Amino acid sequence: MGRRGAPRRAYVKGMLHSKGIFMTHAGPRGLSLNQLQWLLLGFALLLLGALDGFNLYQDHTRLHAAEYERLQAQTRVIAEDLTRQLTAISTSLAHLRETIPPWSGSPEEWHLASERLKVLNDAISGVRTLNILDAEGFVRASNRAELIGQNFKHRDYFKTPQTHPDPDAFYISPPFKTVLGVLSINVSRLLVGPGGEFAGVVSATLDPDYFTPLMEASRHAPDMWISVSHGKDGPTLVMVPPMPEVAERHAPSLGNAPSQNHLLPDDDTRLVARRMVHPDSLRMDHPLFVTTSRDKKTIFAHWRHFALIQTSLLALAGLTAALGLHFYQRRRRSLQEYFDKQLEMQTIIDAIPSFVFVKDTRNHLRMTNRAFAQAMGLGTEKLSDMAVRDLFPPELADQYFADDLEVFTSGKAKLDIVEPGLTVDGQEGVFSTSKAPLRASDGSITGLVGIATDITAIKRTEEALRQAKQNAERAESELRTSNSFLEMLFNTTHLSIAFLDQEFNFIRVNRAYAKAGGEDPEFFIGKNHFALYPDAANEAIFRRVAESGEPFSINAKPLAFPDHLEWGTTYWDWTLHPVLDASGEVEWLIFTLRDVTENKRSEFFLRKAKEDAEHANQAKSEFLAAMSHEIRTPMNAVVGMGDVLMETNLDDDQRSYVEKLQRSGDNLLELIDQILDLSKIEARQLHLFLEPVNLTALMREVRDLLNVVALEKGIQLVCQIDPTLPEWFQADRPRLRQVLFNLLGNAIKFTERGQVTLRHGLDPSPPDAPLLHLAVEDTGIGIGVKQMETIFDAFTQADSSITRRYGGTGLGLAVSRRLVELMGGRIWVESQPGLGSTFHVLLPLPTAQTPAESLATPAPVTLTTWSGPPMNLLLVDDSKDNQVLLRTFLKNSPHRLTMSDNGEDAVRRVREETFDLVIMDVQMPRMDGYTATRLIRQEEQETRRPRVPIIALTAHALEGEAERSREAGCDLYLTKPIKKQRLMTVIQQFGGTFHRPG
């Protein structure tokens, strides 16, 4: 070190003596002999430990692989057996589906089918029950007689084929408890009706206990678990040994790859093998999974014991060697060697460009190198025993001291700590610092030695390189992805795409284009498009696009292939798009085609299907009109004669019989009206006619009509009116009255005691448009939760026994719901069995102004109230019963009644005689009533005779009948059957003045 190094050595020597620091002689390459010995010992121990660890690892790996292969083999055996069993069951169900079609079976055939199922069930192992279910979910045939007649439409093995019908699918349901309380899993196949419709399912119930012996036989260790689960994330069907809580927790799937070592979720203590059961031949809608597992702790118990012994022996050997080396080195130490070593170390660290420092436990510097002193702007002598806090900002000093405390506390070195610091020029930088503890002869920590390297430039370079690399990788990945996507899109799209040059030679075509041409893609490259497909018109279009640079497209262009005339004419949408170069010239063309032949055919079939549907709808309307006429015509005589009988002198028994007759007739008419209303709603022929309605008066009117029925049952009928609500609303009064009448009548029917309440109010939940809330509450028998799901379906009641006890068809609520929905509202029910029910209706009914005047209802007309002149009436009806009925209605009246049985005779009589009123039946032989009415009106205009009032009397009750009567020239429209009171009231409207008695 020369003359400048002597004072430095003297200072260091004095400092070391004063602090009692000893140094050893330097070894080769700057390492002391002691360090070299420790290094060799450490290397030897490390090598020995690595070899021992490697052997243990190999043993562990071999044991793991062997056990996993064993689990895989057992899983495969169980899965193959399960596959064979499912295949046999699938074959049996398919055969059963073909030999016993459920849609043509009589009761005797279903009995024979059940007997056959019993024989087949005994022949198939692992199956508990075999069932055949119809399209409604009812069991029609079964090997278990107690299941016949039950409805299983809520089961997944029925609902899944119903909602996703596939004749070739083999449906696997999740585990469920049967009606017998047994955990089972069902497999089923779809039944197809003669017209291809869904006709039900044929299903088999698997017996989990069948698989238990096979799984028990596969267990080769007590800690082994075997389970079969449904679907990827489905529940567990069977588990050996039975462990319900584990099966429930481990139900989710572990993946589809049977060759991997999967672990159970939230549990890494077991070795698991899994195999999916999903053969292609079965087309199962859900796979089954077979899982085997063993406890890792049990598998590796022997290995861990051996590893513990071997590791302990190795640790003991290392400790012995370290103690021997330690005692050997202590004998070789001397003061001079220690002094020389420290002196050399100081020289070395002064030559290091990084910052080297030694600290004591007080966080004071004991020694630094020249680079550290230069960075601090002080000499090494001045830095000695200086506190770190005096050199650095408090936050940096605290951070440094926190790292120092960790070294002091743990006694272990901290390497490559990346932390902020001050560079040689006093700027903020980034340093990589390593710190190691210094120990005294007794092993206690007296300080630490550290080295800090300025890596500011390296970090900046690394960051720049990292950013550049990320940008390059991102750009490359995006380009690769884009190219891959474009290539995939090009070859997988259903569009036929071809790239053509300026001369219309093929550059490249995709698979769809090649397939459409019946060749491989390579066939087209280099060939001319119009050499393959000559077409002068198309070639002119191509040249126009190539010259103008404007794209061209056409829809449904017919195309024939000259080389494949058997293909016929097809229709294509095609587009020709030019690609321009930098100068704006057309460089090449993109030709895309899409086959729309099927679309053209679909348009034809859809148009034909629409025409067929319109014809069917017209036939339905004609059928309903005919049925309405055929039923209402005799009902006119039945109901009318009942009214006539009630006016005669009857004894009590006779009056009771007639009342029953009238009630039955009214019930039948109500049923007919409900069916017609339901048909009109479903056919969308029912329309609303809004008018101002006094809701309070309407509610009281319905209450008064049904109050007699309620009083007969001893029930109180209450009508609660909210005084804060407006009285008048815009609504269809007949339809709203029908809803209230149905709900209130239904409540009275099913209430034995207590009361029925009709109330209304406003629902303010939508603040911008509050809804009208109507409620009918009763104290009747109530409705169960399951029954509430179908209570609004047509022909449905809560229980079949209710029909026998209370009567009814279940149409009232169905019609009410459809009417409410037609009004834009919502209806629902709240109920508890035995405590009653409440039916709620929400309607968006706007309020209306009170009409200036309302039409007064004419007073009921009787013979004693008539004060006008007698009327000359003409009744035109081909039914002798109806003629007798109306003659009976009017026998005590002052009017004269003339009969006619066809339209031609009615026209002649009106022409020759004078009548005050004509009651015209609509449907008659020879000439119908509407035709006769038109002829009468025509003659009135031609001869300028006074207009005679004509009332249309018809048994039709469908939408549009009133409009037809008005178009024919009728003044009023009445529907059969007609009550006597109604007839007298109508006659009052067309002749005479009436006075109320008194």
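The structure is a predicted model, in which local features need pLDDT of at least 70 and side-chain atom pairs count only at pLDDT 80 or more, while totals for chains, interfaces and linings use all residues. Residues are numbered from 1 along each chain as its sequence is written, and side-chain values use heavy atoms, with hydrogens and water left out.

The chain holds 29 helices and 32 strands, where helices (H or I, at least four residues) and strands (E, at least two) are DSSP runs numbered from the N terminus. Of its 998 residues, 43% count as buried, a word that stands for under 20% relative accessible area with a 1.4 Å probe, protein chains only.

The largest nonpolar core has 44 residues; such a core is a set of buried Ala, Val, Leu, Ile, Met, Phe, Trp, Tyr and Cys residues joined through side-chain atoms within 4.5 Å. Leu 86 and Val 187 touch the most other members of this core, and helix α2 (residues 33-99) gives the most to it, with nine residues. If residues up to four places away in sequence are not counted, Leu 86 touches Phe 170, Val 187, Leu 206, Val 277, Leu 282, Met 284 and Leu 288, where contact means heavy atoms within 4.5 Å. A second, separate core of 39 residues includes Leu 736, Leu 743, Leu 744 and Ile 783.

Leu 736 and Leu 744 also belong to the residues of α21 that meet α20. The axes of helix α20 (residues 695-712) and helix α21 (residues 733-749) come within 10 Å and cross at roughly 35 degrees; axes are lines fitted to C-alpha atoms, for helices over the stretch in contact, and angles run from 0 to 180 degrees between N-to-C directions. On the α20 side, the residues involved include Leu 698, Val 702 and Leu 705.

Further along, five strands form an open sheet with parallel pairing, in the order β29-β28-β30-β31-β32, and two strands pair if DSSP finds at least two bridges between them. The edge strands, β29 (896-900) and β32 (972-975), each pair on one side only. Strand β28 (residues 872-876) pairs with β29 over five bridges, and Leu 875 stands opposite Met 899 in β29.

Methods: Buried means under 20% relative accessible area, exposed over 50%, partly exposed in between (1.4 Å probe, protein chains only).
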